[in-house]
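Please read them beside the coordinates.

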Amino acid sequence: MFAMEPPIVILENKAKKMELKLNKPLVVFDLETTGVNVTQDRIVELSYIKVYPNGKEESETMRFNPEMHIPESSTKVHHITDEDVKDCPTFKQMAAKIAAIFRGSDIAGYNSCHFDGPLLIEEMGRAGVDLDWSSVKHIDVQNIFHKMEQ
């Protein structure tokens, strides 16, 4: 018996159309945080789009109360204030749901190998939720961007 080729998923934007052959879902994500220290700072917003091999897409943006002050320097970047997230759930309260979104998927993001991914794993650890990415394919768009600049 021959293995079936995965269907081609077409991602479109105004500039380009890109075809991807996905064998499993791909989660493209971005974080907004209280700062740039992976071990000390917290996630205040997670946005993602999950693309399935059949072309189905789901997306969501979630905000979290980081249980610490969001420095003005960070607010200048993402425009999220303490007031904006004071009534939001904490990351710990949403960690199991977030892990379920990522589980079984490959992942992609901008600078996700060096910042977003490690910070997400750190937050999961603080929440007591295991998110094992050891067998995940990881696309860091920043690496692609820098290689194309050369």
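1. A pocket here is an open set of points on a 1 Å grid over the protein atoms alone, where a 1.4 Å probe fits, with protein on both sides within 12 Å along at least five of seven lines; lining residues have an atom within 4 Å of a point. A volume is the space filled by probe spheres set on the points. The second largest pocket holds about 220 Å³. It is lined by 14 residues, and Glu32, Thr33, Val36, Val77 and Phe115 are the closest to its centre.

2. The model is predicted: local features need pLDDT of at least 70, side-chain atom pairs count only at pLDDT 80 or more, and totals for chains, interfaces and linings use all residues. Residues are numbered from 1 along each chain, and side-chain values use heavy atoms, without hydrogens and water.

3. Six salt bridges (a side-chain nitrogen of Lys or Arg within 4 Å of a carboxyl oxygen of Asp or Glu) are found in the whole structure. In one of them, the closest N and O atoms of Asp106 and Lys24 are 3.4 Å apart. Asp106 is in strand β6 and Lys24 in the loop between β2 and β3, so this pair ties together parts 82 residues apart in sequence. Strands are DSSP runs of E, at least two residues; helices are runs of H or I, at least four.

4. Lys97 and Glu60 also form a salt bridge, at 3.1 Å between the closest N and O atoms. Lys97 belongs to helix α3 and Glu60 to strand β5, 37 residues apart.

5. Glu122, Glu123 and Arg126 are linked in a salt-bridge network.
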